[in-house]
4 protein chains.
Amino acid sequence: MKDKRPKYKQIIDAAVIVIAENGYHASQVSKIAKQAGVADGTIYLYFKNKDDILISLFKEKMGLFVEKIEQQIEGKETAEEKLYALIEKHLALLAEDHHLAIVTQLELRQSNKELRLRINEVLKGYFLVLDQIIEYGIQRNEFRKELNTKVARNMIFGTIDEAVTTWVMNDQKYDLVNLSPSINELLIHGCGRS
Amino acid sequence: MKDKRPKYKQIIDAAVIVIAENGYHASQVSKIAKQAGVADGTIYLYFKNKDDILISLFKEKMGLFVEKIEQQIEGKETAEEKLYALIEKHLALLAEDHHLAIVTQLELRQSNKELRLRINEVLKGYFLVLDQIIEYGIQRNEFRKELNTKVARNMIFGTIDEAVTTWVMNDQKYDLVNLSPSINELLIHGCGRS
Amino acid sequence: MKDKRPKYKQIIDAAVIVIAENGYHASQVSKIAKQAGVADGTIYLYFKNKDDILISLFKEKMGLFVEKIEQQIEGKETAEEKLYALIEKHLALLAEDHHLAIVTQLELRQSNKELRLRINEVLKGYFLVLDQIIEYGIQRNEFRKELNTKVARNMIFGTIDEAVTTWVMNDQKYDLVNLSPSINELLIHGCGRS
Amino acid sequence: MKDKRPKYKQIIDAAVIVIAENGYHASQVSKIAKQAGVADGTIYLYFKNKDDILISLFKEKMGLFVEKIEQQIEGKETAEEKLYALIEKHLALLAEDHHLAIVTQLELRQSNKELRLRINEVLKGYFLVLDQIIEYGIQRNEFRKELNTKVARNMIFGTIDEAVTTWVMNDQKYDLVNLSPSINELLIHGCGRS
DNA sequence: AATGAATGAGTCTTCATTCAT
DNA sequence: TATGAATGAAGACTCATTCAT
């Protein structure tokens, strides 16, 4: 996980910036190399090919993402608290790194099908966290027993993801984290017993 | 809307098939032309450029999509009935045209940023329908007054969209329409008063 | 055989000139295209890839080569006359097209193994002609019965080929066709009865 | 000649193996370095550049080659005996080192023109031996006076070389040295008085 | 309106060579 | 001597678009 090779991270961070600013299709390897301050060929000492940069980028960033969210959730007692923490952290993490937000919400999705399948693999880690919260909520009687876990998980992810995408599409004009209470309320109502 | 030039529709339908079967990036203009049974150059008599095919495709198909959903909703009395009808029709329309489902859920999303902004324009028609249902529900006291319309709309769209994408990604192995009750229940709980 | 597409021949002839003047490795596709007076992309309307240009070049030229030699041989009565005609024509054909000579003797041989195997396929046509002369000579009692056809064929081809290569390597300073009698004498002695 | 630096020979031997097993074009400097057990940069302490490895390889191996053949010939009395000894040794030396055979017959020939000219320089040592045998044969009245030395030399070299190449191309399936008598007979007939 | 041959700009990747250590 | 990480030049090929017919 802790890749001490400084150029590895250097290149990934450069890729995030270049892709966010130019879009996926206009992000030539040479542009990323320039931004990273290395030669074109150096990229290929750390990555197999261009797609590998994107997959690694997503793995690296998503790994941290899930890690941080898990930390946030850990202490919380109720499923509702956990869900709220997750929503807030999800929004906060993307709000504070708008380059990353653009890349994950817009640019990475225009990669080819194979790449997206690989990305989905990585997403499974996040889905796992969601599933655990839902099941925890059902156990604790906070959420309805009849809840279809898979559909509920899709709702939660779809709702948050759609909120972020809309925010990115609107040029991040408003405060994304402020949406947390509304989203949480909706989702809690959606899953909750009352 | 009613373009009587038969080749216009012919080319759009060819594009849906070619993109669904080959993926966005492997869908060259020449392939679409061949599938449509016209010469490459003929494409440019009906469309400004390649992106214009895709935007027109989306406009054309999404227009029909919204139209059909509106027809479905019209007669319904309660907001809940309207929402259920919308969910069911949304799922049904994509379930019955798997080429279109692949194109809208996977392939069209890997177009460039500009194209996706244009696509979002078209989506606004759908969002309008959603907003009307939400406001109708609030008026009728079916939905909570405090509901943030925009967030609620994102939840509804995000949830349905995520469900369809998951279904497409899983090679349409199960019956998509069967998910309607679960989704509806979740969303109604999310918006509802109880 | 008679490819009426003018660009096909145009490109092959351009390739012969460019390769002869620059060497195989310095013969970029763009250089061949320029020499042929077409765009780079046009090359790929007529040839699958760069190697295909070389294979086609060799097939085309070698086809004519064998054809012309066969014509020359046809009328001759004795094996010795046939052999002499073959030697003379082989030398004459390459002497009168020094670009082609450079390409066949030097440049084409530095292609990769796969390409050379393909080239060998084409050479088989020439070997067949040689084998027929040898067997004809044995039948007519001009050549020794014990002659190992394969070894004899290699000797004939190896001797002529080596003579041409030496001539090319020496910048074609002397008259190649003048070697015919000497070569013929050697080969006839090699195969002959006396 | 006697380079005591062990790495010099080490690298040359590595080059023979790598080129024989991977082909000329897939024999990167780094691969040769790895096979030799040294770092990439070390290569450049012993060789000026990549071509220099190949030329040195050829010089080194061809030097030994000619040396061994000269030893073989020395004791023989007649030109015919000398020629037979040369043919047999030539075939034997390549038959017993198939890596070297592949490299000399196939891979080294796809080097660039300049390199091949340098290789031809080295070959001159071998041609000298051939010329001496031919002249010796003429002096001794074994060979015809009228013999064109250069053409005869080309015949001898071309015939043997073609035999080896054919053998290598056929994956060394048969015993190469067994061809010696047939080849010798042909060449003796070619040069001889009878 | 329709054709389809021709165009040519644009980019990922390899690998011989260097040089700081 | 020896290392090996870093360099960066170079080139085959694709495909959206045009235009003469």
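**View 1. The contact between chain B and chain A.**
In this predicted model, 41 residues of chain B meet 41 residues of chain A. The pair buries about 3,200 Å² between them, and 58% of that area lies on carbon and sulfur atoms. Glu162(B), Leu186(B) and His189(B) supply 18% of the area that chain B buries against chain A, more than any other three residues.

**View 2. Salt bridges and polar contacts between chain B and chain A.**
Two salt bridges are counted between chain B and chain A. The side chains of Arg144(B) and Glu185(A) form a salt bridge, with an N to O distance of 2.6 Å. Seven residue pairs are in polar contact across the interface of chain B and chain A, both residues of each pair being at pLDDT 80 or more. On the side of chain B that touches chain A, at least two residues each come from helix 6 (98-107), helix 7 (113-139), helix 8 (149-169) and helix 9 (180-191) of chain B. Helix 8 of chain B gives the most to this side, with twelve residues. By class, the side of chain B that touches chain A comprises 16 nonpolar, 16 polar and nine charged residues.

**View 3. The relation between chain A and chain B.**
Chain B is superposed on chain A by a rotation of 178° with 0.1 Å of shift along its axis, at an RMSD of 0.2 Å. The two copies are therefore related as by a two-fold rotation axis. Both copies use the same surface, since 98% of the contact residues of chain B recur in chain A.

**View 4. The contact between chain C and chain D.**
Here 41 residues from chain C and 41 residues from chain D make up the contact. Chain C and chain D bury about 3,200 Å² between them, with 58% of it on carbon and sulfur atoms. Two salt bridges are found across the interface of chain C and chain D. A salt bridge joins the side chains of Glu185(D) and Arg144(C), at 2.7 Å from N to O. The interface of chain C and chain D also holds seven residue pairs in polar contact, both residues at pLDDT 80 or more. Helix 6 (98-107), helix 7 (113-139), helix 8 (149-169) and helix 9 (180-191) of chain C are the elements that give two or more residues to the side of chain C that touches chain D. Helix 8 of chain C gives the most to this side, with twelve residues. The residues on the side of chain C that touches chain D fall into 16 nonpolar, 16 polar and nine charged.

**View 5. Chain pairs without contact.**
Chain A and chain C do not touch, and their nearest C-alpha atoms are 22 Å apart. Chain B and chain C likewise have no contact, with their closest C-alpha atoms 14 Å apart.

**View 6. The protein surface near DNA strand E.**
DNA strand E is surrounded by 26 residues, of which Lys7(B), Thr42(B), Tyr46(B), Thr42(C) and Tyr46(C) are the closest. Of the DNA strand E atoms within 4 Å of the protein, 73% belong to sugar or phosphate and the rest to bases. Phosphate oxygens of DNA strand E lie 2.9 Å from a polar side-chain atom of Gln28(A) and 3.0 Å from a polar side-chain atom of Lys50(A). For Lys50(D), a polar backbone atom is 3.0 Å from a phosphate oxygen of DNA strand E. The elements that give two or more residues to the surface near DNA strand E are helix 3 of chain A, helix 3 (40-46) of chain B and helix 3 of chain C. Helix 3 of chain B gives the most to this surface, with five residues. The surface near DNA strand E has twelve nonpolar, nine polar and five charged residues.

**View 7. The protein surface near DNA strand F.**
Of the 26 residues around DNA strand F, those that come nearest are Thr42(A), Tyr46(A), Gln28(C), Thr42(D) and Tyr46(D). Sugar or phosphate accounts for 74% of the DNA strand F atoms within 4 Å of the protein, and bases for the rest. An N or O atom in the side chain of Thr42(A) is 2.3 Å from a phosphate oxygen of DNA strand F. A polar backbone atom of Ala39(A) is 3.0 Å from a phosphate oxygen of DNA strand F, and a polar side-chain atom of Gln28(B) is 3.1 Å from one. Two or more residues of the surface near DNA strand F are given by helix 3 (40-46) of chain A, helix 3 (40-46) of chain C and helix 3 (40-46) of chain D. The residues of this surface divide into twelve nonpolar, nine polar and five charged.

Technical notes:
Residues numbered from 1 in each chain as written. Chains lettered and ligands numbered in written order. Predicted model: local features only at pLDDT ≥ 70, side-chain atom pairs only at ≥ 80, totals over all residues. Heavy atoms only, no water. Contact = heavy atoms within 4.5 Å. Buried area = accessible area lost by both parts, 1.4 Å probe. Salt bridge = Lys/Arg side-chain N within 4 Å of Asp/Glu carboxyl O. Polar contact = N/O pair within 3.5 Å; in protein donor to acceptor, adjacent residues only side chain to side chain. Helix = DSSP H or I, 4+ residues; strand = E, 2+ residues; numbered from the N terminus. Nonpolar A, V, L, I, M, F, W, Y, C, P; charged D, E, K, R; others polar. Least-squares fit on C-alpha atoms with pLDDT ≥ 70 in both. Near = heavy atom within 4 Å.
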